[in-house]
Amino acid sequence: MKKDIRSYTYEELQEEMKAFGEKSFRAKQIYEWLHVKLADSFSEMTNLSLTLRNRLEEEYVIFPVAMVKRQQSSLDGTNKFLFQLYDGNLVESVLMRYKHGNSVCISSQVGCRMGCRFCASTLDGLERNLSPAEMVGQIYEIQKIIGERISNVVVMGTGEPLDNYNNLLKFIRLLTDEHGLNISQRNVTVSTCGIVPKMYDLANEHLQITLALSLHGSTQEKRKKLMPVANKYHLDEVLKACDDYFKETGRRITFEYSLVEGVNDNEEDARELIRILKERNCHLNLIPVNPIKERDFKQPSRKSALNFKNKLEKNGINVTIRREMGADIDGACGQLRRRVSTTLQQERRKP
Ligand code: SAH
């Protein structure tokens with residue numbers, strides 16, 4: 001089997017090339033082709049000898065992340081990309097354009113096995129993990145397509161990043177390596193539904209990335225109704241792990257809370273949320289739930305969401321209602337991939 005060259009960290013590539021009998025500056029050149037010039041074939045690497053290029057071709061492969069669809073929102077300039085991987089699997093990524101720069105939301109798995117009730121990505125379960133190369137590949141492709149630098153990355157697309165922990169760590173290394181795109185760790189956010197042991201592991205890496213915790217319920221009971229993972233890890237344990245992350249890294253946690261009408265948006269929910277977050281140095285993102293057709297979850301009215309936010313704010317919680325982006329282009333996680341793969345399956349079934 002050919003080796004996945006784009007998943008090697010800079011240090012690993014140096015080791016590889018040494019074993020290959022090449023001088024160490026070759027590793028630097030190849031890494032630059034892969035992670036700065038964003039080459040997707042060895043034939044582009046014109047400062048390497050033809051012999052070396054051929055040898056690389058024989059032993060290694062640059063796994064493709066190939067765009068099959070791009071949707072552009074006419075509301076806010078958000079772009080949604082659908083990419084095809086070497087085995088035909090599809091993943092989606094989102095580009096959001098802000099005043100402070102271009103931000104990309106990437107997927108970390110094909111599908112997901114966490115089962116959150118309101119999420120489209122998890123409806124068909126987990127297909128497989130993405131490799132580090134397939135994670136950076138989403139960002140590289142978008143940067144090439146738009147011809148502009150990506151400055152921020154959020155791992156909030158399909159998948160549970162901490163369920164693909166080792167690949168996630170390598171991905172962060174590749175992305176933030178000074179020999180590559182050199183994106184600042186502070187501009188990287190990883191979102192988790194709360195896999196407690198992996199949260200402790202991540203804290204021990206002492207990275208400067210932001211950890212976002214999907215809360216969605218302010219009591220253990222409420223959370224259990226929306227997130228099956230709460231059956232495994234109690235809310236108290238999850239919050240303790242958040243505190244540990246802050247203690248170890250000095251990075252304040254972002255809590256995410258999808259507002260679902262009649263489910264987690266009443267007075268008592270707000271009160272409990274205040275109780276949990278008041279003593280914590282954190283930020284709260286309220287996200288009006290993005291309805292999916294498979295479930296009957298509704299967004300609260302604008303007024304009721306603002307009311308919820310004001311209550312928290314009055315109690316000193318640092319809170320924003322996240323601007324909904326790309327609502328006209330299958331904005332919710334996993335919607336585009338699901339719609340396209342269903343269509344593809346139907347087409348295949350046609351006589
Ligand atoms: N598995 C990770 C990251 C992917 S989901 C996690 O759970 O955090 C990214 C965020 O989008 C999570 O907070 C998730 O709960 C939320 N989300 C998923 N589907 C949604 C929907 N239909 N509406 C609003 N938020 C949703």
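Biologist: Which polar backbone atom is 2.8 Å from a nitrogen atom of the ligand?

Modeller: One belonging to Asn290. Bear in mind that this is a predicted model.

Biologist: How much of the ligand's area does the protein bury?

Modeller: Taken alone, the ligand exposes 530 Å², and the protein buries 94% of that.

Biologist: Back to contacts. Which side chain has an N or O atom 2.6 Å from an oxygen atom of the ligand?

Modeller: That side chain is the one of Ser214.

Biologist: How many residues surround the ligand?

Modeller: The count is 18. Asn290 and Ser214 are among the closest, together with Glu160, Ser191 and His216.

Biologist: And how do the shell residues divide into nonpolar, polar and charged?

Modeller: There are 8 nonpolar and 8 polar residues, plus 2 charged ones.

Biologist: Which strands each supply at least two residues of that shell?

Modeller: Strand E10, residues 188-192, and strand E12, residues 253-259.

Biologist: New topic, the helices. At what angle do H1 and H2 pack?

Modeller: About 130°, and their axes are 8 Å apart. H1 covers residues 10-19, while H2 covers 24-35.

Biologist: Why is that pair called oblique rather than roughly antiparallel?

Modeller: Roughly antiparallel needs an angle over 145 degrees. The angle here is about 130°, and H1 and H2 are therefore oblique to each other.

Biologist: Left-handed or right-handed, the way H1 passes H2?

Modeller: The crossing is right-handed.

Biologist: What about H4 and H5, at what angle do they pack?

Modeller: Helix H4 (residues 132-146) packs against helix H5 (residues 165-176) at about 45°, with the axes 8 Å apart. Roughly parallel would take an angle under 35 degrees, so H4 and H5 are oblique to each other.

Biologist: Which hand does the crossing of H4 and H5 have?

Modeller: H4 and H5 make a right-handed crossing.

Definitions and conventions:
Residues are numbered from 1 along each chain as its sequence is written. This is a predicted model: local features need pLDDT of at least 70, side-chain atom pairs count only at pLDDT 80 or more; totals for chains, interfaces and linings use all residues. Side-chain values use heavy atoms; hydrogens and water are left out. A residue is near a molecule or strand if one of its heavy atoms lies within 4 Å of it. A polar contact is a pair of N or O atoms within 3.5 Å; within protein, one must be able to donate a hydrogen and the other to accept it, and residues adjacent in sequence count only if both atoms are side-chain atoms. Accessible areas come from the Shrake-Rupley method with a 1.4 Å probe; for residues, only the protein chains shown count as cover. Helices (H or I, at least four residues) and strands (E, at least two) are DSSP runs, numbered from the N terminus. Ala, Val, Leu, Ile, Met, Phe, Trp, Tyr, Cys and Pro count as nonpolar, Asp, Glu, Lys and Arg as charged, and the others, Gly among them, as polar. Axes are lines fitted to C-alpha atoms, for helices over the stretch in contact, and angles run from 0 to 180 degrees between N-to-C directions. Angles under 35 degrees count as roughly parallel, over 145 as roughly antiparallel, 65 to 115 as roughly perpendicular and the rest as oblique. A crossing is left-handed if the near helix is turned anticlockwise from the far one by less than a right angle, and right-handed if clockwise.
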